[in-house]
Amino acid sequence: MVLVNCAASVAEPLAIMFQESFQSAILPSDWKSANIVGLPIFKKGNKTDPNNYRPVSLTSVPCKIMESIIKDSITTFLEQNHVISYSQHGFTKGRSCLTNLLESLEQWTHALDNGYGVDILYLDYRKTFDSVPHQRLIHKLSTLGCQGKLLLWVESFLYNRTMRVGVRGSYGKGVRLSWYLV
């Protein structure tokens with residue numbers, strides 16, 4: 001809310017910080033730290049299963065803004081170079097689970113109308129993003145043509161992140177999140 005209300009005053013300093021971060025591929029340590037606070041939020045399923053709750057993670061708002069700018073740059077690059085398959089519906093502009101379902105239903109109906117059988121296989125990629133090895137992601141971006149400062153910034157963004165848990169205003173020592181480096 002502070003950034004929104006002070007946008008005119010902070011836009012230029014933020015732009016300078018973003019440019020410096022991008023040029024150097026270095027993020028301030030505060031940008032790479034998350035505070036886990038409050039009671040976990042229920043997602044879905046059995047309320048007695050702790051796996052059905054997610055923690056509330058507070059991260060740096062300027063970093064979220066910079067992350068969004070970088071994401072848009074990568075997405076534009078992937079779209080312009082036709083890297084994203086037309087079949088990709090999740091996390092793409094103008095496409096969603098609903099468009100995926102509608103297109104699939106159209107194809108199934110067409111096949112059935114033409115006398116073909118239809119077999120459908122569903123896969124659940126639950127928690128997939130959290131288990132993507134970051135080195136593999138960096139390698140994949142590199143092989144797709146993402147190079148230079150952009151790739152270095154993404155690598156810096158992913159590595160040496162920390163989190164700490166807060167209870168009633170007191171925080172534990174931050175721990176480094178290094179299990180993603182596989």
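In the predicted model, the axes of helix α2 (residues 7-24) and helix α3 come within 11 Å and cross at roughly 60 degrees. Helices here are DSSP runs of H or I with at least four residues, strands are runs of E with at least two, and both are numbered from the N terminus. Axes are lines fitted to C-alpha atoms, for helices over the stretch in contact, and the angles between N-to-C directions run from 0 to 180 degrees. The crossing of α2 and α3 is right-handed. A crossing has this hand if the near helix is turned clockwise from the far one by less than a right angle, and is left-handed if the turn is anticlockwise.

Leu14, Phe18, Ser21 and Phe22 of α2 and Pro62, Ile65, Met66, Ile69 and Ile70 of α3 make the contact, where contact means heavy atoms within 4.5 Å. By class, these residues are 8 nonpolar, 1 polar and no charged. Ala, Val, Leu, Ile, Met, Phe, Trp, Tyr, Cys and Pro count as nonpolar, Asp, Glu, Lys and Arg as charged, and the others, Gly among them, as polar.

The model is predicted, so local features need pLDDT of at least 70 and side-chain atom pairs count only at pLDDT 80 or more, while totals for chains, interfaces and linings use all residues. Residues are numbered from 1 along each chain as its sequence is written, and side-chain values use heavy atoms, with hydrogens and water left out.

Ile65, in helix α3, counts as partly exposed at 31% relative accessibility. Buried means under 20% relative accessible area, exposed means over 50%, and partly exposed lies in between, with a 1.4 Å probe and protein chains only. Ile65 touches Leu3 and Phe18, not counting residues up to four places away in sequence. The C-alpha atoms of Ile65 and Phe18 are separated by 9.2 Å, although the two residues are 47 residues apart along the chain.

Helix α3 (residues 61-80) also meets helix α6 (residues 148-158); their axes come within 11 Å and cross at roughly 135 degrees. The two helices are therefore oblique to each other, and their crossing is left-handed. On the α3 side the contact holds Cys63, Met66, Glu67, Ile70 and Ile74, and on the α6 side Leu150, Trp153, Val154 and Phe157. These residues divide into 8 nonpolar, no polar and 1 charged. An α-helix has 3.6 residues a turn, so residues three or four places apart point the same way.

Within α6, the buried residues are Leu150, Leu151, Trp153, Val154, Ser156, Phe157 and Leu158. They pack against α2, α3, α5 (134-143) and β3. Just after α6, Asn160 takes a positive phi of about 60 degrees. Met163 lies in strand β3 (residues 161-167) and is partly exposed, with a relative accessible area of 26%. The C-alpha atoms of Met163 and Asn35 are separated by 5.7 Å, and these residues are 128 residues apart along the chain.

Positive phi values were also found in loops. Most residues other than glycine have a negative phi, and most peptide bonds are trans. Ala25, in the loop between α2 and β1 (33-42), has a phi near 55 degrees and counts as buried at 13% relative accessibility. His82, in the loop between α3 and α4 (97-113), has a positive phi of about 50 degrees and is exposed, with a relative accessible area of 69%.

Ser60 is found in the loop between β2 (53-58) and α3. Ser60 is buried, with a relative accessible area of 14%. Leaving aside neighbours within four places in sequence, Ser60 is in contact with Asp30 and Trp31.

The structure holds 0 disulfides, a disulfide being a pair of cysteine sulfur atoms within 2.5 Å. For Cys6, the nearest cysteine sulfur is that of Cys63, 20 Å away. Cys6 is partly exposed, with a relative accessible area of 33%. The sulfur of Cys146 is 17 Å from the closest cysteine sulfur, in Cys63, which is too far for a bond. Cys146 is buried, with a relative accessible area of 4%.

Note on methods
Angles under 35 degrees count as roughly parallel, over 145 as roughly antiparallel, 65 to 115 as roughly perpendicular and the rest as oblique.
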